[in-house]
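This report describes a protein model for a reader who is new to structural analysis. Please look over the sequence and the structure before reading on.

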Amino acid sequence: MPSADINGAHANGHTNGVGNTNGHVKGFKNPSLQVTEDHRLKLVDAPIQEPGPGEVTLQIKCSGICGSDMHLWKSGRIGSLEVKGDCILGHEAAGVVLKCGEGVTNLKPGDRVGIEPQEPCEKCFLCREGRYNLCEDVKFSGIWPYNGTIQRFKVHPAKWLYKIPDDLTYTEGALLEPLSVILHGINGANVKLGRPSLICGAGPIGLVALAAARASGAHPLVITDIEQGRLDFAKEFVPRCQTYRINSKLSPEENAREIRKLYGQDEYSAPASVMECTGVESSVCTAAFSVRRGGTLMVIGVGRPVMNNIPFMHLSLAEIDLKFINRYRDTWPAAIQCMSGGILDLNKLVTHKFPLEKALDAFELCADVRNGSIKVHIVDEVDASL
């Protein structure tokens, strides 16, 4: 059980601004949810930073809990990204601009914004090519030592903020981040109008993938999971999909045969596009055996550093394109259009909301699958000012 350390140490000292106060501005504190190197969570008052040139200070109005936040808490790492000190978690967020630093011309106080949580170096060859999501010197919110969004006040570069229209709520603004993951993934997944597609995993990302595939015209659509409750939710969320509960007594290849039967009896009917959204090795293998010959398998889920049982020769002989993504690039404008234009309605995914002061309770709920949470949001209803 995470420990609440209300009077504990401040944040890790990383500053995204030119200075800070003692944590109180006009009587407002900056409560923050932090993970520690020894796998504890604590709720502490963090310093309030002043925005530097090109930066703004935001009040974070809504921040979602991602599976990666849970990994950082429980395991202390995601792949090579390791928690080596106190760090404020969170990267799925929306907020309101409170103060602008020198040189900020695209935003003003009062603007409501979605937050792209990465700040690439803009100097390496990948950034120059426009593939800034692959930058090795990226500063990503909520990944040590860069503080995240589960706090009241956050300084962020103005260029990585996007105005959201009045018809989008802060809840929807926070959903732009997981939608961005899928927008980046679906671009390379070969999802096409009237073509069969498979989604592996009915967690938040898989459900967004399901909705996006449906909006893109893919049909038939099947989604898999090991939890019947999540499949029931998926069927309610996208009624025209079919569901398949993974049988743990069957091998990945045997499960794939059963999945293929939902599409038809011949190879042509099998899914031409598969989006794997769990990162679990057995699911990746099932996906590999499910996709039709010459099809595309896009692995979106985050998994173990090494997988030893991927069916290499099956993929090779069938000329299956095995692809991966890392985060996203140039997706917020499209995500905003999808949400504002009514192409996608993801509100049903948010099953629980907690006030910022109860962030520890939110993480405890997420940690127990029996609670049936899909997406949990931490909201700050306080009308703060600087």
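Is E122 buried, partly exposed or exposed? With a relative accessibility of 43%, E122 is classed as partly exposed; the class covers values between buried (under 20% relative accessible area) and exposed (over 50%), judged with a 1.4 Å probe and protein chains only.

## Basis of the report

The model is predicted, so local features need pLDDT of at least 70 and side-chain atom pairs count only at pLDDT 80 or more, while totals for chains, interfaces and linings use all residues. Residues are numbered from 1 along each chain as its sequence is written, and side-chain values use heavy atoms, with hydrogens and water left out.

## Overall form

The protein contains 11 helices and 22 strands; these are DSSP runs numbered from the N terminus, with helices (H or I) of at least four residues and strands (E) of at least two. Its radius of gyration, taken over C-alpha atoms, is 21 Å, close to the 21 Å from the globule rule for 386 residues, so the protein is as compact as a globular protein of that length. The rule itself is 2.2 Å times the number of residues to the power 0.38. Along the principal axes, the C-alpha trace spans about 70 × 45 × 40 Å.

Of the 386 residues, 55% count as buried.

## Salt bridges

A salt bridge requires a side-chain nitrogen of Lys or Arg within 4 Å of a carboxyl oxygen of Asp or Glu. The protein has 16 salt bridges by this rule. One of them joins E122 to K159, with the closest N and O atoms 2.6 Å apart. The two residues lie in distant parts of the chain, 37 residues apart: K159 is in the loop between β13 (153-157) and β14, and E122 is in the loop between β11 (118-119) and α2 (125-128). K159 is partly exposed, at 47%.

Another salt bridge connects K163 and D111, at 3.9 Å between the closest N and O atoms. K163 belongs to strand β14 (residues 161-163), whereas D111 sits in the loop between β9 (92-100) and β10 (112-115), 52 residues away. K163 is partly exposed, with a relative accessible area of 47%, but D111 is buried at 9%. A further pair is E82 and R77, whose side chains meet at 3.6 Å, N to O. Here E82 has a relative accessibility of 33% and R77 has a relative accessible area of 37%, and both are partly exposed.

## Two helices

Helix α11 (residues 359-367) has A359, L360, A362, F363, L365 and C366 buried. An α-helix has 3.6 residues a turn, so residues three or four places apart point the same way. The cover over the buried residues of α11 includes β2 (31-35), β3 (41-45), α1 (67-74), β21 (350-355) and β22 (375-379).

T171 is located in helix α3 (residues 170-174). This residue is buried, with a relative accessible area of 9%. Leaving aside residues up to four places away in sequence, T171 touches C62, N347, V350, K353 and H377.

Note on methods:
Contact = heavy atoms within 4.5 Å.
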